[in-house]
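The following note sets out points on the structure shown below. Please read them alongside the sequence and the coordinates.

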Amino acid sequence: MSCFAKLHGRRSGAGPTVAILSHGFGTDQDAWSALRPWFEDRFDLISFDLAGCGPAGADSYDFNRHGSMFGYADDLIEIIDELGVQSCVYIGHSMSSMIGAAAACARPELFSRLVMIGASPRYLNDDAYVGGFEQAGLDQLFASMAANFQAWVAGFAPVVVGVDDSQAVADFSRTLFQMRPDVALNTSRTIFGSDMRKTARRVPTPVHLIQTAADVAVPVEVGEWLAAAMPDATLDVIDASGHLPHITAPDEVRRILEHRLAGIVS
Amino acid sequence: MNPSSNEALYELCGFARVACEADLVMALEVDEAGRASPVASSPPHAFSSFNLSRSGLFDSAWSAIPAAASGFRLPTAVIHALPEMPASLLFVPAPAEHAPKSGLLLLWAHAPSPAPLIEHVRLLASSVASTLAARREAVRQVAMRDQFNDLLESVPSGIVLFDGDGQSAMINERAAALLACRPGSHRASELAAPMRALRERCANHAELEAAYAARVGNVHFAAAHHWVLGDKTYEVDTHPVSGDGQHGRIWLFTDVTAELRIAATLRGLAQSDPLTGLPNRRHFEEQSAQILTAAATAERAVALLMVDIDHFKQINDTHGHPVGDAVLKAVAGRCNDVLREGDLFARFGGEEFIGLLTITTENEAAVIAERLRNAIASTPVLIGQIAITVSASVGGATTKTTDPAISGILESLIESADAALYRAKQAGRNRVIMA
């Protein structure tokens, strides 16, 4: 089975340029529903579920391969090669931001632009670097995930959504519950244990960073760090809250996309 | 994990990197499907696994000449282990039986200047392959041992396992707690003393020493004994197990305290009369066989006494059944008080009791019978505020046989004693008549 099929790949839209949407932890490709029409009007649109996510996601998850962000980057490149895509605009949310960066470093010719929503190359604080998390806090997070996944989701979802949007909280909770708890735990360990700062510094593709002014997973300092460290990056801090602005503030995100991708969307 | 084979792979990678002036050398364990586990690298780097089936590495016929990296699709993890995109690479196939596409991967950030040793790096292939095989075996053994440990700890018994080589032994946590040492592997000789000390702490240790002494040196011996340790009883089962084709031995310590207690309670319930606590008729019949056999063997006489409370129906009718029951209990208690240790006394049914005694002289039976009658009748039984005058009639019979085949004896004794009891009743009750 192709990687594209295994990851429930979808292709729609009729634009000349390929755009690839890659969701973040705890959601699946339905997270793009609010923005999908905008992309379909302008792009040849590809989306998929990350390994471990979506319906029966555990089937696509390999505890060894997906024990680092590079395993996901290999999946992304495999899909692009399978579909014969020569070049694409890549839009990644959360963990998919650095997955895109890793893939672009390995195969620069495949990516013309990277859009990163709520990106973080490292979640742990490190000397002067502000990632927003301390190891003790993360250990506690993993412990409560392992102890009672259901209770953990109930607490985690509203905090990550970060705005008073019961529909968004319900949707996010649903897709979190869709993950097998051991896969969810291992995935969050991979994410929160990752340090992709070296990758960020060498990413050869122009990058557009989008983040909200109040995101529990990504402090504004992280966006600023990325914008400064990446060779060619813009940063837009939008007037919204939470870690899922493509779901809770799609108009704001769309406005930035229209502005930043103006040269590509004719 | 076997540290030596892992270290050897790191050494091999390091040697190859220096010899070939490479920027990264990885030892890859790769299965037929191209699934690759990077098991060592120089410089050291933590890799997760990746798939190389589409990489192109296996489509080239590798000689000693590095190729341009742009012709290959390398996993992103490999690319990120280098500070920049690699310019050249060389794959040295080192097929291992379990991972036929394994090999050493050498990468250069810039096209390598012709280092004279590159053409010799192929000579490392067989070392890499054999070390990968050794590592795989070590991993397999660790996995088996882990699985075995899980099993060891999941059973509710203490386990001491002596390997067949006679050198090593393994104990689980429960056994470690009993033996007061740490769980895990031990030298067999280290466990001998704690095992002996534990046995010596047992209340029944003399019995155990005797039981085990006879078996010393018998490698096939299997036995289960109860070890009584304080208020706990362990069933200790030992039997040979084959380890490495030789003679290993396992000791299993299972706490059976609760089971024994329950069994004893159930046995008691089945054997006793719930009202008086005396043995019931069935238990009397079982126990009487032992007494009769023992008496026959010792050439001693036995006496059988039937004790029947006088006018018991009247007590029930006048005062009600609860009072009647209390009287039965009181009579049972009074009889018990005057009987000797070793006398068997049971509730035979209704208001009738039965005793079986070993005696030395025929007169002794009459004396004990009179003692019973007197104990019952001497003072009224007090039930709450009511004082009830109680008496009983006693019929007795004695016999002496030296034939250990005792069949029929009990029946004929009962018959004679019953007849004597009838006469005692006829003669006005509250008296003893011996047949």
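1. Interface. Ten residues of chain B are in contact with 13 residues of chain A, two residues being in contact if their C-beta atoms, placed from the backbone, lie within 7 Å. On the side of chain B that touches chain A, strand E3 (50-51) and helix H2 (76-80) of chain B each supply at least two residues. H2(B) gives the largest share, four residues. Helices (H or I, at least four residues) and strands (E, at least two) are DSSP runs, numbered from the N terminus.

2. Composition of that side. By class, the side of chain B that touches chain A holds five nonpolar, five polar and no charged residues. Ala, Val, Leu, Ile, Met, Phe, Trp, Tyr, Cys and Pro count as nonpolar, Asp, Glu, Lys and Arg as charged, and the others, Gly among them, as polar.

3. Basis and confidence. This is a predicted model, in which local features need pLDDT of at least 70 and side-chain atom pairs count only at pLDDT 80 or more, while totals for chains, interfaces and linings use all residues. Residues are numbered from 1 along each chain as its sequence is written, and chains are lettered from A and ligands numbered from 1 in the order in which they are written. The model scores ipTM 0.87 and pTM 0.65. Chain B has a mean pLDDT of 89, and 98% of its residues reach 70 or more; pLDDT is the predictor's confidence in each residue, from 0 to 100.

4. Helix H10 of chain A. In this helix (residues 220-229), the buried residues are Val222(A), Gly223(A), Trp225(A) and Leu226(A). Seen down the axis of H10(A), they fall within an arc of 160 degrees, so they line one face of the helix; the arc is that of the directions from the helix axis to the C-beta atoms. These buried residues pack against helix H9 (197-202), strand E6 (207-214) and strand E7 (233-241) of chain A. A residue is buried if 20 or more other C-beta atoms lie within 10 Å of its own, exposed if 12 or fewer, and partly exposed in between, with C-beta atoms placed from the backbone.

5. A cis peptide bond. The bond from Ser42(B) to Pro43(B) is cis, with omega near -5 degrees. Pro43(B) lies in the loop between strand E2 (35-42) and E3 of chain B.

6. Positive phi in chain A. Ala56(A), a residue other than glycine, has phi near 50 degrees. Its loop runs between strand E3 (43-48) and helix H3 (69-82) of chain A. Ala56(A) is exposed, with 10 other C-beta atoms within 10 Å.
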